[in-house]
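Have a look at the model first, then run through the notes below.

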Amino acid sequence: MNYSQKLTKAINQHPMYPALLSLAKSWGKPAYLVGGALRDALLDRPLIDLDVAVAGSPQVYAQAMAKRLHIHYFILHDNPVVYRLI
């Protein structure tokens, strides 16, 4: 299995991925999966969380994602702006 196949398989199994993908498509702006989830997928480790970099306002994206998943969000860092959804 090549790297692309490993990433696709692992990420598609994450319970939040369908909502992230749907929101990104409906928002019409790029959203990129970044960070430890990519490393963990390639190393066959379980994916605990997903880090997403978005074009546009991260607050708008975090609010929309939290509403869609019926969860909460808060600002984690303000420079650069990072939100956590729980």
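Helices (H or I, at least four residues) and strands (E, at least two) are DSSP runs, numbered from the N terminus. This is a predicted model, where local features need pLDDT of at least 70, side-chain atom pairs count only at pLDDT 80 or more, and totals for chains, interfaces and linings use all residues. Residue numbers start from 1 along each chain as its sequence is written, and side-chain values use heavy atoms, with hydrogens and water left out.

**Largest pocket**
- A pocket here is an open set of points on a 1 Å grid over the protein atoms alone, where a 1.4 Å probe fits, with protein on both sides within 12 Å along at least five of seven lines; lining residues have an atom within 4 Å of a point.
- The largest one has a volume of about 620 Å³, counted as the space filled by probe spheres set on the points, which are joined across faces, edges and corners.
- Of its 21 lining residues, L50, D51, V52, Y83 and L85 are the closest to the centre.
- β2 (51-54), α4 (58-69) and β4 each supply at least two lining residues, with β4 giving the largest share, five.

**Second largest pocket**
- This one holds about 200 Å³ of space.
- Its lining includes M1, H14, D44, R45 and P46, and helix α1 (residues 3-12) brings the largest share, three residues.

**The β3/β4 hairpin**
- β3 (residues 73-78) and β4 (residues 81-85) pair in the antiparallel sense over five bridges; pairing takes at least two bridges found by DSSP.
- Two residues sit between the strands of this hairpin, and D78 stands opposite V81 in β4.
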